[in-house]
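I opened this model to look up a few local features. My notes follow the structure.

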Amino acid sequence: MLRHAIAPARFFSQVPNEIIRHPRLSAEAVRLLLWQLSLPEEVRTPLHVTATQAAIKKTAFIRAKRELMAEGYVHEWRRQGTDGRWMTTQLVSNVPLSAEEATALRDPAAPRAVKPAVGEPTGRAVGRHPDNTEENTDDPPSQPSGIPQPLIERGGLVLASVSHRERRLRLTGRDVQQLAALAGEWLLRGATVKEIREALTDGLPDRVHSPAALARNRLTRKMPDAPRFGADAPGVRPLRPCDGGCERVFRPLAEETSCRDCRVEAATGRSRRRGAPAIPRTPPTPSGL
C-alpha cells in the first residue's frame with residue numbers, strides 16, 4: 001500500500017486518530033463530529049444544521065448523535081433562560097468527556113482549559129481513549145413492546161451514564177440502543193435511576209468479557225415486578241405518557257391520563273369561554289437523570 005499526502009497550508013483541522021479509527025462510531029457519526037470540529041471557533045452552528053450541511057439524513061443524524069453522546073463526544077443540556085425561554089446547549093469535544101467534565105467546561109465559573117505553552121508534552125487533562133472492542137454482528141434480540149418512547153430515551157441515557165462511570169461495563173452506542181427499551185421498562189415499573197445503576201454495577205467481576213450480554217442478563221433477570229393496584233394492593237403507580245399533547249411523562253395519583261399542567265390548561269380553556277381569568281401554565285421542566 002502506497003500513500004502520498006501533502007500537508008495543507010491553510011484551512012485544515014487537527015483531529016485525533018482515535019476518532020477516525022473509532023471502533024464503535026458509524027461513518028455518519030464520524031463525519032458529523034469531524035464536520036463540527038472543523039468549524040471556526042466563533043461559529044455556533046447546532047448539530048442538526050451541521051448534519052444538513054454534511055448531507056446526513058434525519059434518521060442517520062439521530063443515530064449518529066446518539067452514538068456520539070454515548071461515547072462522550074457530545075453533551076447536551078436543556079434549561080430555561082432568565083427571560084423564561086427554553087434553550088438547548090450543546091458541547092462537542094475531540095476527546096470523550098464524562099458528564100462531570102462536560103458540566104465543568106460548560107459552567108462559566110469553572111476553570112477552563114488553556115492552550116499549553118511551548119515545551120514538553122503533558123498528560124491529558126480530561127478525557128480518555130476509547131477501548132477497542134469487537135462489534136457484535138448478530139441480529140439484536142427482540143425488545144420489550146409497549147414502552148413509551150420518552151422512557152426508552154431516558155433509559156438509554158441511564159445506560160450511557162453507567163457506561164461512562166464503570167469502565168468494566170463499557171457499552172457501545174449500538175448496545176445502548178438495543179438495551180434502552182429494557183431500561184425503559186424498569187422505569188415504567190416504577191424503578192429509580194439509582195436502582196438501575198445498582199442492578200447493573202453491584203458485584204461486577206474483575207473482568208467483563210461481554211458488557212452488553214451482562215447488562216442484558218441483569219436487566220432481564222432482576223427486572224422488578226409490575227406493581228399491582230387495587231383496594232388490597234395500594235402502591236406507587238408507574239410513569240405514563242401524558243395524553244394532553246405535551247409529550248411529557250408523569251406519575252398519576254389516580255386514573256389521570258394527562259399531567260397537571262395539561263389539566264390546568266384544559267380547565268383554563270373552559271374558564272376562558274365562560275369569561276374567567278386565565279391561569280398561567282407552568283413551563284415544562286426538562287427531564288434529567
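**Ground rules.** I am working with a predicted model, where local features need pLDDT of at least 70, side-chain atom pairs count only at pLDDT 80 or more, and totals for chains, interfaces and linings use all residues. Residues are numbered from 1 along each chain as its sequence is written, and side-chain values use heavy atoms, with hydrogens and water left out.

**Helix α6.** I took helices (H or I, at least four residues) and strands (E, at least two) as DSSP runs, numbered from the N terminus. Helix α6 covers residues 149-165, which is 17 residues. I checked its span against the expected value, 1.5 Å times one less than the number of residues.

Next I looked up burial. I call a residue buried under 20% relative accessible area, exposed over 50%, and partly exposed in between (1.4 Å probe, protein chains only). The buried residues of α6 include L151, I152, G155, G156 and V158. L159, A160, S161, V162, S163 and H164 are also among them. What covers them? I found α4 (58-71), α7 (173-188), α8 (193-201), α9 (211-221) and β4 (249-250) among the covering elements. Contact here means heavy atoms within 4.5 Å.

**A55.** I noted a positive phi of about 60° at A55, which is not a glycine. Most residues other than glycine have a negative phi. A55 sits in the loop between α3 (47-53) and α4. A55 counts as exposed because its relative accessibility is 68%.

**Salt bridges.** I counted a side-chain nitrogen of Lys or Arg within 4 Å of a carboxyl oxygen of Asp or Glu. The whole structure holds eight salt bridges.

- E100 pairs with R165, with the closest N and O atoms 3.5 Å apart. The pair links distant parts of the chain, 65 residues apart: E100 is in helix α5 (residues 99-106) and R165 in helix α6. E100 is partly exposed at 46%, and R165 is exposed at 55%.
- E185 pairs with R189, with the closest N and O atoms 2.8 Å apart. E185 is buried at 15%, while R189 is partly exposed at 25%.
- D261 pairs with R248 at 3.2 Å, N to O. D261 lies in helix α10 (residues 260-273) and R248 in the loop between β3 (240-241) and β4, so the pair ties together parts 13 residues apart in sequence. D261 is buried at 7%. I also found R248, R260 and D261 linked in a network of salt bridges.
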